[in-house]
Amino acid sequence: MPMKTPVSILQELLSRRGITPTYELVQIEGAIHEPTFRYRVSFNDKDAMGAGRSKKEAKHAAAKALIDKLTGHLAIGGEQMEAALETMLGPSGYDDKVMGNPIGWLQEMCMARRWPPPTYETEMEVGLPHERQFTIACTVLKYREVGQGKSKKIAKRIAAHKMYTRLQDSPPDSSQVNQIIDEEANEEINQKLNRYADLKDAHIPTLTNQHSFKVAQFHKSLKALFGKALTKLQAAKLSSPDLNCVQLLQEIASEHQFDVTYVEIEEKTYSDCYQCLVQLSTLPVAVCQGAGETRADAKTSAARNALEYLKIMTTK
């Protein structure tokens, strides 16, 4: 298996059967400046030992020894190795007869050669619910391979394996790759141009003097507002964790007769936080965003930002 270490090969072989091998440092021998490490790798009732000048080398030696033990020290290929393991350990979780992780290998190949990443598309699902047959297409550059299987995962693995094998056997030269990438880039640019072609003739309403006057009047009227809830807002410390921002915002809305609407956003932020928008039915409509580790935190954050806006606008 190209570019694969004994540790990763053993991990992939066993993970297909729901088995995770364990590595144990057994002994450190030799001088301090030239130590020899001994590791044992084991699963169920099977184990093997390996030694090396570093812990990493010793782990690889132990993994190779266990692979040799499982396959009878034979220099065999992927299908024969899978057959030997099936005899000893039972069938794997996949019935595609594809060794290792072809999806990961294909991804690494594209990254190493600076190609666009592979794309997968489900083309067909046929059969009864208990006998489904899936067809998935894998595309890299202008190349396309199709895989079929009893699950989407199997079909995807077969498609990736076919593509990986094809690109290894007959890889495109750099001039072909550059030409394909340029063609795809030009096609994407043309699609964007066509998408926005109608904008030059579109009528987009602008902010008129009348609208500007209404907005200015609204800001003036905000400063003239008074009430118990607004007074409470001016005295509140918005950063305080004890302040119920959602409740205070609702009190202000009830006091001054505008609606508060919260909208949860499905997409999370880049830092994996939930997002929430709050809309105030004022004139003009005010929209504030909030984010937090939970949906409740995101709602509180949005309410706090809306209160901050109102506090600034109503400061005398």
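Predicted model: local features only at pLDDT ≥ 70, side-chain atom pairs only at ≥ 80, totals over all residues.
Colleague: How many helices and strands does the protein have?
Modeller: Helices (H or I, at least four residues) and strands (E, at least two) are DSSP runs, numbered from the N terminus. The protein has 10 helices and 9 strands.

Colleague: What percentage of the 316 residues is buried?
Modeller: Buried means under 20% relative accessible area, exposed over 50%, and partly exposed in between (1.4 Å probe, protein chains only). Of the 316 residues in the protein, the buried share is 32%.

Colleague: How is helix 1 placed against helix 2?
Modeller: The axes of helix 1 (residues 6-15) and helix 2 (residues 55-71) are 8 Å apart, at an angle of about 45°. Axes are lines fitted to C-alpha atoms, for helices over the stretch in contact, and angles run from 0 to 180 degrees between N-to-C directions. Angles under 35 degrees count as roughly parallel, over 145 as roughly antiparallel, 65 to 115 as roughly perpendicular and the rest as oblique. Helix 1 is therefore, relative to helix 2, oblique.

Colleague: Which residues of helix 2 does helix 1 meet?
Modeller: Contact means heavy atoms within 4.5 Å. From helix 1, the residues involved are Pro6, Val7, Ile9 and Leu10, and in helix 2 they meet Lys59, His60, Ala63, Lys64, Leu66, Ile67 and Leu70.

Colleague: Is isoleucine 9 buried or exposed?
Modeller: Isoleucine 9 has its place in helix 1. Its C-alpha atom is separated by 10.0 Å from that of histidine 60, 51 residues apart along the chain. Because its relative accessibility is 13%, isoleucine 9 counts as buried.

Colleague: What is the handedness of the crossing of helix 9 and helix 10?
Modeller: The axes of helix 9 (residues 245-256) and helix 10 (residues 295-313) come within 8 Å and cross at roughly 45°. A crossing is left-handed if the near helix is turned anticlockwise from the far one by less than a right angle, and right-handed if clockwise. The crossing of helix 9 and helix 10 is left-handed.

Colleague: Which residues outside its sequence neighbourhood does serine 301 contact?
Modeller: Serine 301 is found in helix 10 and is buried, with a relative accessible area of 15%. Leaving aside neighbours within four places in sequence, serine 301 is in contact with Gln289, Gly290 and Ala291.

Colleague: Against which elements do the buried residues of helix 5 pack?
Modeller: Helix 5 (residues 152-169) has 18 residues. Its buried residues include Ile154, Ala155, Met163 and Leu167. The buried residues of helix 5 pack against helix 4 (102-112), strand 4 (119-126), strand 5 (133-140) and strand 6 (143-149).

Colleague: What is the phi of asparagine 44?
Modeller: Most residues other than glycine have a negative phi. Asparagine 44 lies in the loop between strand 2 (34-43) and strand 3 (46-52) and counts as exposed at 67% relative accessibility. Although asparagine 44 is not a glycine, its phi is positive, at about 50°.

Colleague: Where is aspartate 272?
Modeller: Aspartate 272 has a positive phi of about 65° although it is not a glycine. At 52% relative accessibility, aspartate 272 counts as exposed. Aspartate 272 is found in the loop between strand 7 (260-265) and strand 8 (274-280).

Methods: Residues numbered from 1 in each chain as written. Heavy atoms only, no water. Expected span 1.5 Å × (residues − 1).
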